[in-house]
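Biologist: I am new to this structure. Please take a close look at one part, the place where the two chains touch, and go on from there.

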Amino acid sequence: MSAPNPHDDPAALKELQDAIYRDKVLRARAMSNEARFDEALELTNGVFERMAEGVMWQLGLSEPVEIWNEVRRRMDRLARARDHQFYSAVS
Amino acid sequence: MKVEELATLVIAACEVEQVEYMMTGAFAVSYYGIARSTKDVDFVLSLSPSDGVVRVIRRLEPEVSFDTQVQFDTLTWGRRHVGVPRGATGLKVELFELFSDPFVQEQFARRKSMRSGQLGRSTWLPTAEDLIVQKLRWGRSKDLDDVRDVFAVQGPETLDMAYIENWCRTHGTIARLNKILTDLPPL
C-alpha cells in the first residue's frame with residue numbers, strides 16, 4: 001500500500017511545509033551570523049554561475065560577453081516584474 | 001566578477017572617500033535569518049559630505065557603470081543609484097542615499113560593524129530590529145518572508161519588540177507584524 005499523498009490533505013501538507021521550514025531554521029540557527037552572511041555570498045555566486053550555464057546550454061553561446069549580456073537581460077526582466085510600481089525613474 | 005569582489009569595491013570606495021555606509025538587502029537578511037542569494041549588492045550611503053555619493057560613484061566608475069537616471073523609491077522617496085559592473089557578472093550595485101526620514105536616520109545611526117571572512121574585512125549592517133521594521137514597511141512578499149525568517153532564526157524573545165512595535169505603529173505596519181508572529185510555525 002502506498003503512503004498517502006500530503007497534497008490530498010491540506011493539514012498534512014501544512015505539517016510537511018512546517019517540517020521543511022523547521023529544518024531550514026534549525027540549520028540556520030546552528031550557524032553563526034557571520035557564517036550565514038558568507039554563505040549568502042557563496043549562494044549568490046553559485047546562482048549566477050548556474051544562470052550562465054543555462055544560457056550557454058539553451059542558446060549555444062560560448063563567448064563570455066554574450067553569455068553575461070543575456071544573463072543581464074534576463075535579470076532586467078525579472079527586476080522590472082518585481083519592482084513594478086516600486087521605483088520611479090526621474091532624470 | 002564574484003559578489004564579494006563587487007561588495008569589497010564599494011566598501012573600499014566608501015572608506016577612501018570617507019563616506020559612512022551600511023550594507024542592506026539580502027546580506028543583512030542572511031546575517032540575521034536564513035542565507036539566500038541575491039541579484040544585487042545594496043548599500044545605504046551617508047550624505048555627509050554632501051557630494052559623498054557622487055565621489056563614491058566616480059571612484060567606482062572604472063569598474064562599475066552607473067545609470068545617469070536616478071530612481072526614487074515610491075514608498076519613501078529615497079534616491080537610488082543603480083550600477084552595472086563592467087566585468088563578467090549579472091550582478092548590480094544599488095546605492096541608496098540616506099535621507100531625512102526619521103526611521104531611516106535612526107536605522108543608520110544604530111548600524112553595527114561585523115567582520116566577514118569571505119570579504120576579508122569588516123562592514124556595517126543594520127540591527128536585526130531595524131531590518132525587520134524596514135522590511136515590514138516595504139511589505140513586498142519577499143520582504144515579509146525575510147521578516148519571518150529573521151524572527152524564526154533569532155527568536156522574538158531575543159529582540160527589542162517594544163522598539164519594533166513602536167516603529168510599526170508609526171508606519172502603520174503593526175497588522176503585518178502581528179500576522180507574521182501569529183503565523184510562525186512551531187520551531
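Modeller: The contact between the chains takes 35 residues from chain B and 33 residues from chain A, where two residues are in contact if their C-beta atoms, placed from the backbone, lie within 7 Å. This is a predicted model: local features need pLDDT of at least 70, side-chain atom pairs count only at pLDDT 80 or more, and totals for chains, interfaces and linings use all residues. Residues are numbered from 1 along each chain as its sequence is written, with chains lettered from A and ligands numbered from 1 in the order in which they are written.

On the side of chain B that touches chain A, at least two residues each come from helix 1 (3-16), helix 2 (26-32), strand 4 (70-73), strand 7 (112-116) and helix 6 (141-154) of chain B. Helices (H or I, at least four residues) and strands (E, at least two) are DSSP runs, numbered from the N terminus. Helix 2 of chain B gives the largest share of this side, five residues.

Strand 7 of chain B also runs antiparallel to strand 8 (residues 121-125) of chain B, joined to it by five bridges; two strands pair if DSSP finds at least two bridges between them. Opposite Lys112(B) stands Leu125(B) of strand 8 of chain B. Four residues lie between the strands of this hairpin, and Gly120(B) takes a positive phi near 70°.

Helix 6 of chain B meets helix 8 of chain B through Leu144(B), Val147(B), Arg148(B) and Phe151(B), which face Arg176(B), Ile180(B) and Leu181(B) in helix 8 of chain B.
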